[in-house]
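Hi everyone, thanks for making time this morning.

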Amino acid sequence: METRTTAVAGPSPAGGEGGPDEVTGRLADQLIRLSRRLHRSQRQLMEPLGITPAQARLLRTLAQCGEPPRMADLAHRLDVVPRAVTTLVDALEARELVRRVPDPHNRRVTRIELREGGDQALLALRRARRAAAAELLAPLDDGQRAALTALLDVLDE
C-alpha cells in the first residue's frame with residue numbers, strides 16, 4: 001500500500017516565508033479575500049442605487065462600446081448567455097437607464113444604448129466603486145498605493 005506525506009504550509013524551519021509555492025498560494029488567498037471585500041463593499045454602496053452588480057457590469061460595458069451594441073454582442077462581451085442579457089436589459093429599460101433602438105442598417109437587429117439616466121447611474125456607480133476602493137486601500141500611504149498600482153499593472157498586461 002502506498003502512503004503519501006503532505007507537507008504543511010507555513011514558515012520554513014529557519015523562520016522564513018516558505019518556498020515559492022507557499023508564497024504564491026498565500027498571495028492567491030490574499031487576492032481572493034481582498035477581491036471579496038471590495039465586491040462586498042461595492043454591493044453595499046450600490047444597494048441604495050437599486051442597481052445589481054450584474055446590471056452595473058452591463059452599464060459599464062455599454063459605456064465602453066463605440067456604438068450601441070446588439071444583444072448578442074453584449075452577451076459575448078459579458079461572457080453570459082443571451083437570455084441573461086435580455087433579463088438585465090429589461091430591468092434597466094424599466095428604470096429608463098437604457099433603451100432598445102432599431103439598427104439603422106438592418107431592421108431585424110435591435111441595439112442597446114444608454115439613456116441619460118444610465119449615464120447618471122454610471123457616475124454614481126463610479127463614485128461607489130471609488131469609495132469602496134478608498135476604504136480598502138486606506139491603510140496604504142500614497143507611495144504604497146503607487147507601488148501596488150505598478151505591480152498590478154504588470155500582472156494586468
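Predicted model: local features only at pLDDT ≥ 70, side-chain atom pairs only at ≥ 80, totals over all residues.

Let's begin with helix α4, which covers residues 82-94. One of its partners is helix α3, residues 71-78, and the two axes are 8 Å apart. They pack at an angle of about 110°, which makes α3 roughly perpendicular to α4. Which residues make this contact? On the α3 side you'll find Met-71, Leu-74, Ala-75 and Leu-78, and on the α4 side Pro-82, Val-85, Thr-86 and Val-89. Sorted by class, that gives seven nonpolar residues, one polar and no charged.

Now turn to helix α2, residues 53-64, which also packs with α4. Here the axes come within 10 Å and cross at roughly 90°, so α2 is roughly perpendicular to α4. From α2, the contact uses Ala-54, Gln-55, Leu-58 and Leu-59. From α4 come Val-85, Leu-88, Val-89, Ala-91 and Leu-92. This contact has eight nonpolar residues, one polar and no charged.

How many salt bridges does the structure hold? There are five, and I'll show you one of them, between Arg-100 and Asp-90. Their closest N and O atoms are 2.7 Å apart. Arg-100 sits in strand β1, residues 98-102, while Asp-90 belongs to helix α4, so this pair ties together parts that are ten residues apart in sequence.

Last stop, the surface. Leu-27, Leu-31, Leu-148, Leu-152 and Leu-155 form a nonpolar patch there, and together they have about 450 Å² of accessible area. Where do these leucines come from? Helices α1 (20-46) and α6 (142-156) each give two or more residues. Leu-31, for example, is found in α1. The largest share, three residues, comes from α6.

Definitions and conventions
Residues numbered from 1 in each chain as written. Heavy atoms only, no water. Axes fitted to C-alpha atoms, helices over the stretch in contact; angles between N-to-C directions. Helix = DSSP H or I, 4+ residues; strand = E, 2+ residues; numbered from the N terminus. Parallel < 35°, antiparallel > 145°, perpendicular 65-115°, else oblique. Contact = heavy atoms within 4.5 Å. Nonpolar A, V, L, I, M, F, W, Y, C, P; charged D, E, K, R; others polar. Patch = residues over 30% accessible without salt bridge, like charges linked within 9 Å, V, L, I, M, F, W, Y side chains within 5 Å. Areas by Shrake-Rupley, 256 points an atom, 1.4 Å probe, with all protein chains shown as cover. Salt bridge = Lys/Arg side-chain N within 4 Å of Asp/Glu carboxyl O.
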